Amino acid sequence: MQLRYSYRLYPDTVQQAALARAFGCARVVFNDSVRAREDAREAGQPFPTAGELSRKLITEAKRTAQRSWLGEVSAVVLQQSLRDADAAYRNFFASLKGSRKGPRLGAPRFKSRKDSRQSIRFTANARWHITGSTGQGRLNLPKIGAVKVKWSRPLPATPSSVTVVKDAAGRFFASFVIDTDPAADEARMPQTDRTVGIDLGLTHFAVLSDGTKIDSPRFLRRAEKKLKKAQRELSRKQKGSKNRSRARLKVARAHAEVADARREFHHQLSTRLICENQGIAVEDLSVAGLGRTRLAKSVHDAGWSSFIGMLEYKAQRYGRTLVKIGRFEPTSQTCHACGVKDGPKPLNVREWTCNACGTVHDRDHNAAINIETAAGLAVTACGAPVRPGAIPAQREETGSHGFPTGNRSA
């Protein structure tokens, strides 16, 4: 199983210029690859192969006056950019055929230097390395130099590749891909036979079937005043001016603070739930549909999809059971004590009394119990152990969160 460990980079002025060249060269090669395929499609010819594109867009292009500057960056960066374009087309065609899970993808588009995210990738054959001991030295990148790294936690294993990312706020990150052993991950997780149902909401971020209520931090709502002020200052700046660029960075950094705080909250809560429970049940919410209602801002501020995604990959990593029940299950309408369906209720009704047995219910707590019951976790958690399957590399926690066993990474 693969995971991503991200660390903050602090390149100096010269290294930032070298990274900007690398981002630009990778972007040009990607765009040339897309253009070559589109030209072939319009001419009714078969798409050029990866080898043909590599020879034409990198090897031969370096010998021309118009593309001679491609030789200023590592060739691995350019090759990886070609692979990204090839993967984008494969995913697009798989989406058209219906063989790819998830939402339908459009055709690859040209990248721009104004995109909010710029990235380059170095594989093992690029001869990048960490100077000194792992977790303390600098990240030495070819034709860029030894970049200072803020090691928030040690790397658990030797990484297979590193991706250098520049986000909209002008921050640089190094994202390492680590191969982990699922058996070892399961062994360090404390054994338990507990199960829990989770009802996600807006008044409380989550209500558990054991009665625990977790308040919603409302990161966006709390930062709204600061964001409005920064956005107002940006709108007053003249387009193309340096003051506007500085104001844009200020807005991006304010939004990055909100996103980072929300991600940290999701990581801490998901790790705690995975650590304490063998089986977890959640509702398969239609976040896209709720995002088109009057509650859209609060729904997106909660970030339910991101949280459930973290629960999903951590459950696979640590051998836990995660069950999603259907979104049309009447969890808020059914009495968990007698099982009688009492009918739909408006959102302002937070407590109700069952007409059949007279039990007084907290709406969210009752829904969490029904979610756990509908998932059948009492049987699932005690059955055969669940082994994590192969999933794409996921981003790890931004900080160090310990388990009771003393391990630092989650």
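Let's start with Lys 143, which is exposed, at a relative accessible area of 52% (exposed is over 50%, buried is under 20% and partly exposed lies in between, with a 1.4 Å probe and protein chains only). Lys 143 sits in the loop between strand 4 (139-141) and strand 5 (145-150); helices (H or I, at least four residues) and strands (E, at least two) are DSSP runs, numbered from the N terminus. Its phi is near 60°, a positive value in a residue other than glycine. Most residues other than glycine have a negative phi.

A quick word on what you're looking at: this is a predicted model, where local features need pLDDT of at least 70, side-chain atom pairs count only at pLDDT 80 or more, and totals for chains, interfaces and linings use all residues. Residues are numbered from 1 along each chain as its sequence is written, and side-chain values use heavy atoms, leaving out hydrogens and water.

Arg 218 is another one to look at: not a glycine, yet its phi is positive, about 55°. You'll find Arg 218 in the loop between strand 10 (213-215) and helix 5 (219-222), and with 38% relative accessibility it counts as partly exposed.

Now over to helix 3. Its 23 residues, 75-97, reach 34 Å from first C-alpha to last, close to the 33 Å expected at 1.5 Å a residue (the expected span is 1.5 Å times one less than the number of residues). Its buried residues include Val 76, Leu 82, Tyr 89 and Phe 92. Among the elements covering the buried residues of helix 3 are helix 1 (13-42), helix 2 (50-59) and strand 2 (118-123). Just after the helix, Gly 98 takes a positive phi of about 85°.

Terms used: Contact = heavy atoms within 4.5 Å.
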